[in-house]
Amino acid sequence: MINQQERYYNILKLNKWFAISSLLFTFVWLLTFANDFNRPWKKYQIEFRNLEIEKTKSDIASASTSLDENEEYAELKVSFENAQNEVDSRQEEITALEEKIGTLDADLYAKNQNYQFAKADMDVAKYNFEQAQHGHGDLASSKKALDKLVALTADTKLQAEVIEGQVEAANEELKGIRLTLKQANDALSSISREKDLLERKLSKIDPEAMSFSNKVANIIRDVPVLDFIDPYYDVKQVVVKDIQDDMIYMGVPKVDRCMTCHLGIDKKGFEEAPQPYTTHPNLDLYLGANSPHPMNEYGCTGCHAGRGRGTDFISAAHSPDHAKMAERWENDEELKWHPLHHWDTPMLPMKYVEASCLKCHAGSIPVQESPTLAMGMSIVEKGGCFGCHQIDGFEDTPKPGPGLRKIAQKTSKDFAFKWILEPRGFRENSWMPHFFNQVNNDDPESVERSEQEIHAMVEYLFDRSEDYTMDRLPKGGDSENGRMLVNSLGCLGCHASEGEDPMEFKSVNSMRREHGPNLVKLGSKTTQQWIYNWIRDPQGYHTATIMPDLRLTKSEAADISAYLISSRDENFEDQSVPGVDESILNVIVKEFLGSNLRKEEVDARISGMGLDDKLNYAGGKLIRQYGCFSCHDIDGFEDAKPIGTPLTTEASKLISKLDFGYFHDELPHTKWDWFRQKVDNPRIFDMIPQEDESYKIKVKAPLEKLRMPHFGLNDQELDAITTVIMGWVKDEIPPSKLPAQNERNIAIEAGEKLIRQYNCQGCHAIDGDGGAIQPTVASWLGEIADEATSEDRGIVLSFAPPMLDTEGRKVQPDWLLKFLKNPTMIRPNLAARMPTFSMMSDEDWNAIIKYFQLKDGQTLPYENPHTVNKRSTSYKAGDVIAEMGGCQNCHFYGNEKPKQAAVTWGPNLALTKERLRPEWLMEWFKDPQNVMPGTKMPAPYIPSEEPLESVREVWGKDVAKLHSDPKKLLQAILDFSWGVSGPTDVSKIVKAHLESEGYGFVIEEDDDWGDEDW
């Protein structure tokens, strides 16, 4: 048979292949949509929808129960039913009115049409008349036509207005019939509004509560192919346009899809729901629409990091908090978690998430909202990290260690040797780190070398020590009185003292008492004469010290020095100091010389050096090698550069740049784990782990070994410092996301820096933070009074340095500057003494004053003087109120002593006019507890609610004149306080009183009656 087809293929076979390919395409098409429909996040959205439905039903039930128990709602419901019954009884009347209104509306429409037509014809006739006036047409006939149409228009308009009035009257009548019902319904709706909104919400999310048409639409909207229109289950995202992700060669807007699974993240009510449905903590601060960080402007990964475009657990780059969590995630059949390799910014573990606050708030860390980060920053300052490492923002921060230019007058070479060798062997909570006997230099050979290195450094320091002329120590010195002075004067706001147990859990506030060294074992370190001179004049020994002057008398300084020198560590003193080994010293000197000279030059140089020369040469090189100058002021190192790696953007470094060494498989491969390990045991990366869990050191010359010291931080401190390091990134944050750089914020930032630098909050509480000294004040009160007194918060606060919450609007700025530069007595019973900070400039003091003012909304730098007329009614009334209220029971009036015991004494009222602001005093008189919670000051009683005749009889005519206005009565007390005159310095009177009569505590005696006696 001849093939008549003019083609080179078999159409039958082609049909078969087409059928097969069509089936394959259909299968792949179905598989694609099935895979899309079964994406992991859809399961979470379905579960959350069910969770939200159940919660909404529960909320409706709670709202219904609440309404059922609401008597007002029950009454309104009855009123509504009565109104409904009344409306129902007048239904025929309503129907008749509605029919009448319908008829009138139709008639009104017709009349309006007639009016509109007549008006249109009138406009034409008006135009013709105007044309005729200009000679175009018959003037008489056009005027006649216009007059006729004007009359017709007016008539039709009047007819329409009459009917419109009838419609309005009928509507008002109908509205009047239904008014009671509307009012009852509105009142009922206002109470049941929450329930109504919940029911409306339920009708949108719960298919069972939907109408039939909505149920059909609910099914269709999520059908494959059609679900692109308006699906219920979809990828939810926030595009943060002014923050970009660095995609190597270009920046793209940050897109966060975290809320695709974390559906309850910004919704209240899901705080107890399991993840990923839990409400984010503190919605008023984070994510809430009215919070400073709304979700639609900040997203999620800006704080938490991770891959914002990921829509499953792994692609979002989740990170576990600890090894057990990682193991649980890995073994979870649903999660099957593994780290997302090659993504440079995996999600921060929750314990490090505060690191992100540092990106925007580096200048002013919010202590209460980010306590871990704040503590980490305190550790950076206390540990002196900024000395060895360049860190932006710490350029002007004082060195944390003591000056060593006059060390020979302070201590001995033996102490210095043993201290450098093992600081925590002498003072266990010292911030001086350990350089020696570490994992990479604790072998016998290294130990011998370390001893000679320390000898060299000590020799260098002592040979260059400057003279320090000390005053002669007065004879005697009462150690017990010195102990009481240390406990009472305020020393413990910066220092811990003898017998205190180290705190297991630290906070920023507890670390404020580590601002200065622990006052223990000083008898093994220095002499009483040095302590005496140091506490009398700290700047006399070290001009750059931030230790303030407590203006101690010679007797007080002698007593304190006697107490401090009495604490010794005999075991530490008994430790022997090895002698100088010149052969090992020669090796050290040769290593340093050999870095720049040939061998024959090294030999020539060393042959001409004596022992002292070798010690001094090696000591200077070693001080530079270890970076001792970073924390201490040392002669010859004024311009020395930091020896460590710059850390300003350390967390943005690629993880491939971090040398895990031989610990690559033993240490989780994350930046934070590497940083934590580096701080915890910095020299471990010099080691090679063995199968028996021991280590061998890499082959390194002594000067090539890692030299970062060991700070002995606990787990809490390690987490805090790691949080800080993870916050040092190079992210470019747009100005729109940064705190506004206005005058107020700049002033607050500058003030907080000085307050932190000089540890003001070691003594003072500001906005609920600080006052670290208060527990020691309570302890002192327990010692001089009794336990009940020490547990009385009001008494503790009255003996503690004042809270400074409202200082900006409380005091006059001129007075505050004078006080800060030359402190004087304010609260007579206060044992703690405000120090003198002579190292601070007027510029610093003004920055602190401006901080307080702008924080409290005080924008005017000067005060309008308040004046008072002592002949005025207001002043006289204030005098009476003060007398009746017993103000002089607690307050000095000039040099007139208060009538009650010293434990109750308050400020001298003669200080009022130069110290306080009138507006603040009015606020204070109105409610002292609101201004300063815990104060013993009561609100003054004013007789504003007493009968006028009674006031006139008991309080006098001046008070009676102001009786009807409480504000004027408070103003009267202000005027009286302003008018109190007399000496403002009553320190001699107070001192004499306390020496003769004491504070006058009411001591609770032990109950002599035992249970058996009853």
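Modeller: The model is predicted, so local features need pLDDT of at least 70 and side-chain atom pairs count only at pLDDT 80 or more, while totals for chains, interfaces and linings use all residues. Residues are numbered from 1 along each chain as its sequence is written, and side-chain values use heavy atoms, with hydrogens and water left out.

Colleague: Where do domain 3 and domain 4 lie in the chain?

Modeller: The assignment, automatic or from a database, places domain 3 at 236-347 and domain 4 at 371-390 + 643-727. Their C-alpha centres are 27 Å apart.

Colleague: How do you know that domain 3 and domain 4 are in contact?

Modeller: Contact means heavy atoms within 4.5 Å, and four residues of domain 3 meet six residues of domain 4 in this way. The buried area, which is the accessible area (1.4 Å probe) that two parts lose on being put together, summed over both, is about 290 Å² here, with carbon and sulfur atoms giving 53%. Of the area that domain 3 buries against domain 4, 84% comes from Ser319, Asp344 and Pro346, more than any other three residues supply.

Colleague: Why is the space lined by Leu404, Arg405, Tyr460, Leu461, Arg464, Ser465, Ile634 and Asp635 called a cavity?

Modeller: On a 1 Å grid over the protein atoms alone, a cavity is a set of points where a 1.4 Å probe fits but cannot get out, whereas a pocket is an open set with protein on both sides within 12 Å along at least five of seven lines; lining residues have an atom within 4 Å of a point. The space lined by these residues is the largest cavity, so the probe fits there but cannot get out. Its volume, the space filled by probe spheres set on grid points joined across faces, edges and corners, is about 50 Å³.

Colleague: How large is the second largest pocket, and which residues lie nearest its centre?

Modeller: The second largest pocket has a volume of about 1500 Å³. Its lining comprises 49 residues, with His262, Gln275, His318, Met347 and Met350 nearest the centre.
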